[in-house]
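Hi everyone, thanks for making time.

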Amino acid sequence: MIPIEKAQIPQGSQFDTARALELIGLIDRAIDEYDKWNDPDDQKAPAGDLSIGDRTYRRLASFWSSQAFLLSRKEQPFGFIAERAGDDGKPEIFVVFRGTRSGAEWLNNITPNREPFVEGKEDELGQIRTGFRNIFINKDGKPEESIRETITQAFEKIATEARVFVTGHSLGAALATISVQQIRTLPHGFNQPQLYTFASPRVGDTQFATSLRYLEACYRIANTEDLVTVLPLSAGMIFNEQWLLELSPLTRKAIESLRGFLDFVDEISVFDPYPDYQHIGESICFTVQKVEDEETGTNIGGNHNLGTYREALQ
C-alpha cells in the first residue's frame, strides 16, 4: 500500500481543516488537564479559562465521570465545554473530550453488549456500546453529575444561535458522537451541532447511525492503519448457513468450533460475532504506518496517536 500521509478531503466537501486543527488543540488541552490532575505531585483539577495560541476560551463546564478499577472508584476529568466569539462575532461552543488514559477506561472500552441510547426509544435512536454509555451516564457513580447531565444543564444557558462544535479522540470520539445525539435531542433548538471525530471506534448500531444522518457537518478523521477505528468489528457472521451444509463434515465441525470460540470472545471483549455497528459521518482518511525500528516493528500507538492525526492535517 502506498502511504497517503496527508488527509484526503473529498471534492466538494465542506470539511474545514483549520477548524479541525483548532479542535485538536482543544483535545490536547483536555489530555493535559487529565495528566495534571492525575500527577501526584500536581493534582490540579481543571478550572479557569483556556488560552491556546492567540485564542482564549471561556470554560462553561468540565466533564467528570466515575470510573471503577480493581477495588477503587474515583471521579476523573474527561474534557470540557468552552466558548469563544467566532470571527463574525457569533458565539461558538466547543464540547471537547480526551481519549483513553486509565485502566478503568480501557475496561469500559471493551465492555461487551450494547444498550438503548434512551430506554424505550431504541427504534428511533438506536443502541450504543455499553461501556461508552456507562461513562456517559456515570453508571454507579453520581448520575446527577454525569456527562449527560453536564451537557443538559450547560445548554440550558447557551444561546440557540451559537455554533456548536463537538469533538474527541479515540474514546473521546465515541463520547463526542453520543454527545451530539444528546445535544440534538435537547428541547432547546440545538439541532445542528457539528461533529469532528479523530480515531473513532464504531459507537452504535445501524439505527443509531441512521438517526444522525441529517447532521449537516459530521466528519470522521481516520488513519486507515489505526486499529481502534475498526473496532468493534463490522462483521462477524461470515459463514452462510447454506454454504456450511455443502461442506464436508470435518470442515463444518471446524468452522462450528470457531463460531463457538467467537461466541466466547463476545462475552469478554470488543469482538462481537453478530455485530450491527456502523460508523457515521463523512470519512476524511489518510494512511500512515508508524514504525519504530526493525526489531520492534509497527508502533500501534503511533498509528493511533493524536499527533499523527495533527501531522496528517497540517
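First, the ground rules. This is a predicted model, where local features need pLDDT of at least 70 and side-chain atom pairs count only at pLDDT 80 or more, while totals for chains, interfaces and linings use all residues. Residues are numbered from 1 along each chain as its sequence is written, and side-chain values use heavy atoms, with hydrogens and water left out.

Helices here are DSSP runs of H or I with at least four residues, numbered from the N terminus. Let's begin with helix 1, residues 17-38. Its 22 residues reach 32 Å from the first C-alpha to the last, close to the 32 Å expected at 1.5 Å a residue; that expected span is 1.5 Å times one less than the number of residues.

Which way does helix 1 run relative to helix 11? Helix 11 covers residues 306-313, and the two pack at about 160° with axes 10 Å apart. The axes are lines fitted to C-alpha atoms over the stretch in contact, and angles run from 0 to 180 degrees between N-to-C directions. So helix 1 is roughly antiparallel to helix 11, a label for angles over 145 degrees. The crossing is left-handed, meaning that the near helix is turned anticlockwise from the far one by less than a right angle. On the helix 1 side, the contacts (heavy atoms within 4.5 Å) include Leu21, Ile24 and Ile31, and they meet Leu306, Tyr309, Arg310 and Leu313 of helix 11. By class, that contact holds 8 nonpolar, 2 polar and 2 charged residues. Nonpolar is Ala, Val, Leu, Ile, Met, Phe, Trp, Tyr, Cys and Pro; charged is Asp, Glu, Lys and Arg; the others, Gly among them, are polar.

Next, helix 4, residues 130-137, packs on helix 5 at about 50°, with axes 5 Å apart. That makes helix 4 oblique to helix 5, the class left over once angles under 35, over 145 and from 65 to 115 degrees are taken out. Ile135, Phe136 and Ile137 of helix 4 touch Ile147, Arg148 and Ile151 of helix 5.

Finally, helix 5 (residues 147-155) and helix 6 (residues 171-184) pack at about 45°, with axes 10 Å apart. Helix 5 and helix 6 are therefore oblique too.
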